[in-house]
Each structure stands twice: as C-alpha cells, then as structure tokens.
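Subject: Structure handover

Hello,

Here is the structure I promised to pass on. My notes follow below it.

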Amino acid sequence: MRTRPFHLLSALAGLALLLLLVLTPSAGARATGISEAAAALKQGPVYVHPGAADQLSRADADALAQKIKDADKPLFVAVLPANEEFPPENLLRNLRTETGVTGLYAVRLGDGFNAAADSSVLSRDAVQNLITAVRQPGVDAETELNNFVDQALPTLRGSAPASWGDVGPDSGVPVAGLVTLGAVAAAGGASAYAVVRRNRLRKEAEERAALDRLRVVVDEDITAFGEELDRLDFHPAEPGADDAMRGDYERALDSYDKAKSLMGSARHPHDVRAVTQALEDGRWSLAVLAARRERRPLPERRPPCFFDPRHGPASEDRTWTPVGGAARQVPVCAADAARLDDGRDPMARTVETDGGRRPYWEAGPAYGPWAGGYFGGGLLPGLLVGTMLGSMLSTPAYAGEYGGSEFEGGDFSGADFSSGDFGSSDFGGGGGFGDFGGGGDFGGGF
C-alpha cells in the first residue's frame, strides 16, 4: 500500500513528460502555415515566421509586441514569407478564423501589406484609411508596421485577449504551450482573475482622471456654443424667417441641450465623443442658418476647423506641418487659412497640461475622445499622426477606450464573425478588407 503514491507520482510524471513531448515543436510535428501563425497570435500580438525573419528582427518584433500589449488593444500582426505556404487568397479571413479572436489583423506578406478588422472594433473606412496612410513604395517592414500600429491603436475598440501572456513573439509554438496542463488548470484561473481585476482598477482610475480633464474643456466648448446662439439673435417670428430657418435654429438648440445633457451624464472618457459630436452638429446648423438668412448658397458639409473646432465648419483645406512631424492636409476656417497663407501661426485651441496651456494636439491622450467627436469617420488618425496626442493615444493612458466601449474586442469568437469584414477581394480599391488576391496580388505593397 505504501508503494501506491510512488506509482501514482511516476504515472503523473510520465503523463507530464508525454504532454511536454506532444506540445514541444519538432521538425516532424510542428504546425505549419496559417495554423502556426494563429497559434502564436493567441499567445502574443506579433508573429514572425522563420522564413520572414529578415523582414523584422526579433528585437523589433518584441518592441512592437510590447507597444501593443501596453496599449491593451486587440491588434494582431503577422510577418509572413510570400510562398506557397501562405496563398494570398482569403489569407486574412483564414487567419482570423483560426485565431478566433475579434480584433484588427495586419499582415506583411513578403513586401506587401494588408489589414482587416471585425467591424465591431474598427470600421472598414478606418481600416482603409490606415492602409492608405502607411503603404508607401519601398518602405521596410519595421517602419510600415510601426506606422500602422501607432495610427491604429488610438481608434481601436476593445481590450487585448486574456490569452496573451508576458512572452514575446516566437518563430514556433509559444513558450506558454510548454507548461503542463495540470499547472495551467491549477494556476490559470487565479492568475487570470488577478490580472483582470488589476487592469480593471487601473482603467477606472485612469478614466476618472481623464474625465476630470475633459469636463473643463467640454464645458468651455458648450459655453462658447451658447454664446454663439445668443450672438445670432435669431427670432423664429422675425421678418423673412421661413420654416427652413426655423428648422435650422431648432436643431441648433436641440444640439445645445443634448450636449449639456450628455456631458452631465458622462461617466467614461469615451462618453465625451457624443458630446462634441452634438456640438459639431449644432455649429453646422448655425452655419446653414446664417447662409439662409444672408441668401447665400448653402455650404457643403465639412468637418470643423482642425485648429479649433469652436471656429465652426471648415471652409477649405491647407497644408500644415506640426513640429517634428510630416506635412498633411487639414480642414481650416477662413481666418486660419488666411493666417497660414501669411506665414503666421493659426489660432490654436489650447488646453491645460502639466506644462501649462498647449495646443490640444500637444496634450495628453485624455483629449482623444474630445477630438474624435469633432473629427469622426476615420479622419482623426490622419490628422494627428506624428503629433504628441497621436503618439500618446497608443499608450495605456486616459483614453484607453477612445471611440467607445460598447463592444469589447479581444473576445474569443472562433469562426463566428462576419466574413464580409474580411472577405472583399478588392485589394486595391477596397482597402484590403479581405483576401489578398482577387483584384491583384500584393504588388510589393504599393
């Protein structure tokens, strides 16, 4: 009877050894192709195939993976060789199916690049804009992937999958897979709960701090819009007023009331996006009303002035280069357009920072939701790329749920997802929301 524990321990040791042998990659048993990439992406955000190791070094891959983990976002990056192991047709859809996690998937296939996302974490238009922004002739994988990740993280909804551990990307089966099943069963539940609870408390504290900063800025915006309504001095019964004018004025008043109500009930930073969206709608209604009263042609619907949304809808575009950044086209009001044409600085919207008042694009990520309401529809990443706000939005800071959190990306869904998000064959014109073939091959990524 005293020998039974010894036999039992021997049996368990043998079982553990067998599991270790099964899980350890070998030349004959290693998973290949998309299955290998999907298995690695379940354990970490970046996978580099051994055949594409010359595209992205281990150090660069580790740095990219850490950036994504720090942001706590469901973004998956695969660097693959362009060979028969990875046929371009349906590659993104198949990778998403085998990984089984909702999120944004970016693939560097040889010299080409493409991406796709579940629409619940990032819209098709946003993905298309990001691909267009980063795909440049002759750019190397490290630059292209970092540019894509930096621009995608601020607008991506949801959190990283719970399956990601602390290990970096690897060319084979993740290190976590070598842990015996018994150890995982014993420690996994408690460890996962502790991590989730710690992350939740951290995010709650960050959100409270972000919302406190945002209230000051948004209250200033609401007050400014109320003053615009007063200066307008429109009376529904005044001579010349018609139903169209009265409708514009009513919509402006409704937007004002809506903004105040939404801000009063805001509990999270992403709630602010709806507030500034309401203010943008209200200012547009005032611009249309002014045109009707002055008997001018109705203006085209445009985003607000980039430098200060309180200036109202933009009238034109101008080339602008932030300090240390690249030139880009931004929507501007007539007054700021004239200042830029004269070589002067625009009248920028400034906010309080630890270093004093600074333009909002040089402030912290708390202002991401504020700017997102004014510049929605995938426009914001292109406007902010290279600025301090654009860079900081990709960190685990105040606006970690920028864009809304009605859906938590990173959930495991298996094959239960909309193939339409990944299935378009129009690689060139469609922004690469599906397979890499169809309309053409990678073409070197340009």
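Accessible areas come from the Shrake-Rupley method with a 1.4 Å probe; for residues, only the protein chains shown count as cover. On that basis the protein chain exposes about 20500 Å². Carbon and sulfur atoms supply 55% of this area.

Two notes on the source. This is a predicted model, where local features need pLDDT of at least 70 and side-chain atom pairs count only at pLDDT 80 or more, while totals for chains, interfaces and linings use all residues. Residues are numbered from 1 along each chain as its sequence is written, and side-chain values use heavy atoms, with hydrogens and water left out.

Overall content
The protein chain has 13 helices and eight strands. These are DSSP runs numbered from the N terminus: helices are H or I with at least four residues, strands are E with at least two. Of the 446 residues, 44% are buried (under 20% relative accessible area; exposed is over 50%, partly exposed in between; 1.4 Å probe, protein chains only).

The sheet
Four strands form an open sheet, ordered β1-β2-β3-β4, with mixed pairing. Strands pair if DSSP finds at least two bridges between them. β1 (46–48) and β4 (112–117) are the edges; each has a single partner strand, so one side of each lacks a neighbour in the sheet. Neighbouring strands are turned by 10° against each other on average, direction ignored. β1 pairs with β2 (residues 75–80) in the parallel sense, over three bridges. V48 has V79 of β2 as its bridge partner.

Helices on the sheet
Helix α5 (residues 124–134) lies across β3 (104–109) and β4, at about 160° to β4. Helix α6 (residues 141–152) also packs on the sheet and touches β2, β3 and β4. Its direction makes about 170° with that of β3. Axes are lines fitted to C-alpha atoms, for helices over the stretch in contact; angles run from 0 to 180 degrees between N-to-C directions. Contact means heavy atoms within 4.5 Å.

Helix α3 (residues 58–71) packs with α6 at about 5°, axes 11 Å apart. The two are therefore roughly parallel (angles under 35 degrees). Residues in this contact include L64 and I68 of α3, and L145 and V149 of α6.

R302
R302 sits in the loop between α9 (272–293) and β5 (316–320). R302 is buried, at 17% relative accessible area. Its side chain reaches the backbone oxygen of E316 at 3.3 Å. Leaving out residues up to four places away in sequence, R302 touches several residues, among them E280, W284, D317 and P331.

Best wishes

Methods
Polar contact = N/O pair within 3.5 Å; in protein donor to acceptor, adjacent residues only side chain to side chain. Parallel < 35°, antiparallel > 145°, perpendicular 65-115°, else oblique.
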